[in-house]
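Please look through the model shown here with the notes that follow, which take up one site and then the packing.

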Amino acid sequence: MDSQTVLLVFIAVGLDGLAGLAGGALSERWLRRHLPALVAFAAGTLLAAVFLEVLPEAVEAIGDTAFQWALGSFVTLALLEWALGHHHPADTAAGQAHAHGHAHGHTHTHGAPTLPAALLASDALHNVGDGAAVAAAFLVSPNAGFATALAVIVHELPQEVGDYALLRAAGWSRARSLVALGGVQLTAMVGAAAVLLGTRHLPSLQGTVLAIAAGSFLYIGAVDLLPELRRGPDSRQRVGGFLCGLLLIAGLYFAERVLGVHG
Ligand SMILES: [Zn+2]
């Protein structure tokens, strides 16, 4: 592992940290108009990253075992979501757009209210996984790294916007919400550092981490985000966002395979 790889990993994870501030940085008007397209864009980016970069690299690293890890991670997420009633990024994003259409300070989330501590804890756990995926991807190739980093950052944007709305609805101040979300986002550093250090002792680690990331990206893209494309008005905007996400990762793929450009 060279120092350039380590630098790229930490730049990518740092940018992911900034995504934690999205809820406070983007104007409500902008969010109301563009959130559905952003969710669709994230779904397209995740799905293309899984099938063009993450899963193929995982298979190259650890063979067919990669599919078992990917299936295991997909099924684990499905069971966890059933068991915990875990908040959906898409649901909270939709809740955010909905809440913005009404007076401030009202919660419009469905089902049991999410406690801030539980929300932040599950966020932290998820971010450790995202950070590990980014590091593992940069270790196998720069292009896999860029594709994974993009997939992570764009799916975090609607997620963080939704979390921000939930914290504000729970009575947290703007500053407190943003500091908490930005801080929790940086737990991705822990996952990244663990993979960078652990892979020295366990070379198959990066392949396993990529396979697990493939299963979880597939779940988030196909189960949490993609159904949003069928919901509500402005379907052209959402389909456009979805296609842009696919094309972004496909462009990276072709730059590497066809033009021989190595990021
Ligand atoms: Zn994530």
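1. The ideal angle for four tetrahedral donors at a metal is 109.5 degrees.

2. This is a predicted model, in which local features need pLDDT of at least 70 and side-chain atom pairs count only at pLDDT 80 or more, while totals for chains, interfaces and linings use all residues. Residues are numbered from 1 along each chain as its sequence is written, and side-chain values use heavy atoms, with hydrogens and water left out.

3. H126 belongs to helix α6 and H155 to helix α7, so the pair ties together parts that are 29 residues apart in sequence (helices are DSSP runs of H or I, at least four residues, numbered from the N terminus).

4. Is H155 buried or exposed? H155 is buried, with a relative accessible area of 2%, whereas H126 counts as partly exposed at 24%; buried means under 20% relative accessible area, exposed over 50%, and partly exposed in between (1.4 Å probe, protein chains only).

5. Leaving aside neighbours within four places in sequence, V54 is in contact (heavy atoms within 4.5 Å) with A49, T148, L210, A213, A214 and F217.

Methods
Helices (H or I, at least four residues) and strands (E, at least two) are DSSP runs, numbered from the N terminus.
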